[in-house]
Amino acid sequence: MSNKSILLYILLCGFTILLLGCGSSHHIPRNNTIPVDSLDTYSVAEVDSKPKPIGGYKYLLSKMEYPRKARDRGIKGKVVVNLLVTKGGNGIGHYIEYSPHPMLSKEALRLVKETTFAPGKIDSQPVHTWFSIPFYFRMAKKSAIQGNW
């Protein structure tokens with residue numbers, strides 16, 4: 001084999017590896033119902049009014065269920081979910097930015113997927129807005145009453 005043939009073989013192998021996406025195992029799966037790249041989107045820093053869950057954050061958090069297995073194992077921490085809130089108030093393109101454990105991620109995603117939002121606005125007009133919501137999973141402390149039982 002000549003040096004040119006070897007070089008061509010190496011280049012073709014490298015190109016094939018790039019096409020196959022050797023780093024794809026680190027890809028964060030996104031559950032998009034429409035391609036978010038095709039929309040004109042804004043960050044929360046660019047809008048006059050940020051998206052908000054319909055019913056408020058307290059209502060959203062009241063629906064949160066700490067996964068029993070996670071609680072039993074002492075798994076706790078903050079989960080940050082990023083999503084695109086559409087002009088119509090739907091959350092799409094959900095993905096986990098940070099999470100200490102998949103069990104907590106699953107619950108945070110469930111909450112976000114079941115929530116309708118008031119959209120972000122610019123000049124009183126709804127716009128597609130990227131938004132992050134942190135969820136804190138903490139162990140409850142025993143109250144004085146629980147300690148006596």
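Ser-124 has a relative accessible area of 61%, so it counts as exposed (over 50% relative accessible area; under 20% is buried and in between is partly exposed, with a 1.4 Å probe and protein chains only). This is a predicted model, where local features need pLDDT of at least 70, side-chain atom pairs count only at pLDDT 80 or more, and totals for chains, interfaces and linings use all residues. Residues are numbered from 1 along each chain as its sequence is written, and side-chain values use heavy atoms, with hydrogens and water left out.

Ser-124 sits in the loop between β6 and β7, and its phi is near 65 degrees, a positive value in a residue other than glycine. Asp-123 lies in the loop between β6 (120-122) and β7, with a positive phi near 50 degrees, and it isn't a glycine either. For background, most residues other than glycine have a negative phi. Asp-123 is exposed too, because its relative accessibility comes out at 63%. Strands here are DSSP runs of E with at least two residues, helices are runs of H or I with at least four, and numbering goes from the N terminus.

What about β3 (residues 77-85)? Seven of its nine residues are buried, so the rest of the structure largely encloses the strand.

On one pairing, β3 and β7 (residues 125-137) are antiparallel over nine bridges; strands count as paired if DSSP finds at least two bridges between them. Strand β4 (residues 91-98) also runs antiparallel to β3, joined by five bridges. Asn-82 shows up in both pairings: it stands opposite Ser-132 in β7 and opposite Tyr-95 in β4.

The β3 and β4 pair makes a hairpin with five residues between the strands, and Gly-89 in that turn has a positive phi of about 90 degrees.

## The nonpolar core

Now for the greasy part. The largest nonpolar core has 20 residues, and those with the most contacts inside it are Val-79, Val-81, Leu-83, Leu-104, Ile-133 and Phe-135. Such a core is a set of buried Ala, Val, Leu, Ile, Met, Phe, Trp, Tyr and Cys residues joined through side-chain atoms within 4.5 Å. At least two residues of this core come from each of β3, α4 (102-113) and β7, with α4 giving the largest share, six residues.
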